[in-house]
Amino acid sequence: MKREQFIAIISSEQESLRRFLLALCCGDRMEAEDIAQEAMVKAYIASDRFVERHKFSKWL
């Protein structure tokens, strides 16, 4: 996956990830943001293994 593709996918998926993590962290916004950032970095590192027929949200 190219960098531009990753950015486009993250742009569309990150808000739902952040909402999910905020609920999971009982409203602790700082903790949720830290986890979201770590997940996105890990997803970027693994993005070369992404298969387009799968949902990207499963990689986060």
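Arg-29 lies in helix α2, where helices are DSSP runs (H or I) of at least four residues and strands are DSSP runs (E) of at least two, numbered from the N terminus. Residues are numbered from 1 along each chain as its sequence is written, and side-chain values use heavy atoms, with hydrogens and water left out. The model is predicted, and for that reason local features need pLDDT of at least 70 and side-chain atom pairs count only at pLDDT 80 or more, whereas totals for chains, interfaces and linings use all residues.

The protein contains two helices and zero strands. Of its 60 residues, 23% count as buried, a word that stands for under 20% relative accessible area, with exposed meaning over 50% and partly exposed the range in between (1.4 Å probe, protein chains only). Arg-29 itself is exposed, with a relative accessible area of 54%. When contacts between residues at least 6 apart in sequence are considered, 45% of them join residues at least 24 apart; contact here means heavy atoms within 4.5 Å.

## How the helices pack

Two packed helices are described by the angle between their axes and the distance between the axes. Helix α1 spans residues 3-24 and helix α2 spans residues 29-45, and the two pack at an angle of about 150 degrees with their axes 10 Å apart. The arrangement of α1 relative to α2 is therefore roughly antiparallel, on a scale in which angles under 35 degrees count as roughly parallel, over 145 as roughly antiparallel, 65 to 115 as roughly perpendicular and the rest as oblique. Axes are lines fitted to C-alpha atoms, for helices over the stretch in contact, and the angles run from 0 to 180 degrees between N-to-C directions.

The crossing of α1 past α2 is right-handed, that is, the near helix is turned clockwise from the far one by less than a right angle. On the α1 side, the contact is made by Arg-3, Phe-6, Ile-10, Gln-14, Leu-17, Arg-18, Leu-21 and Leu-22, and on the α2 side by Arg-29, Ala-32, Glu-33, Ile-35, Ala-36, Ala-39, Met-40, Ala-43 and Tyr-44. By residue class, this contact holds 12 nonpolar residues, one polar residue and four charged residues.

## The nonpolar core

In soluble globular proteins, nonpolar side chains tend to be buried together. In this model the largest nonpolar core has 10 residues, namely Phe-6, Ile-10, Leu-17, Leu-21, Cys-25, Ala-32, Ala-36, Ala-39, Met-40 and Ala-43, joined through side-chain atoms within 4.5 Å. Both α1 and α2 supply at least two residues each to this core, and the largest share, five residues, comes from α2.

Ala-32, a residue of α2, is buried at a relative accessible area of 4%. Once neighbours within four places in sequence are left aside, Ala-32 is in contact with Leu-21, Leu-22 and Cys-25.

Arg-18 lies in helix α1 and counts as partly exposed at 21% relative accessibility. Leaving out residues up to four places away in sequence, Arg-18 touches Glu-33, Ala-36 and Met-40. Glu-15, likewise placed in helix α1, is partly exposed with a relative accessible area of 46%.

The table lists C-alpha separations for selected residue pairs.

| Residue pair | Separation along the chain | C-alpha to C-alpha distance |
|---|---|---|
| Ala-32 and Arg-19 | 13 residues | 8.5 Å |
| Arg-29 and Arg-19 | 10 residues | 9.6 Å |
| Arg-18 and Asp-34 | 16 residues | 9.9 Å |
| Glu-15 and Ala-36 | 21 residues | 9.7 Å |

Most residues other than glycine have a negative phi, and most peptide bonds are trans. Cys-26, however, has a positive phi of about 55 degrees although it is not a glycine. This residue lies in the loop between α1 and α2, and Cys-26 counts as exposed at 75% relative accessibility.

Ser-47 is found in the segment after α2 and, at 6% relative accessibility, counts as buried. Apart from residues up to four places away in sequence, Ser-47 touches Met-1 and Phe-6.

Key:
Nonpolar A, V, L, I, M, F, W, Y, C, P; charged D, E, K, R; others polar.
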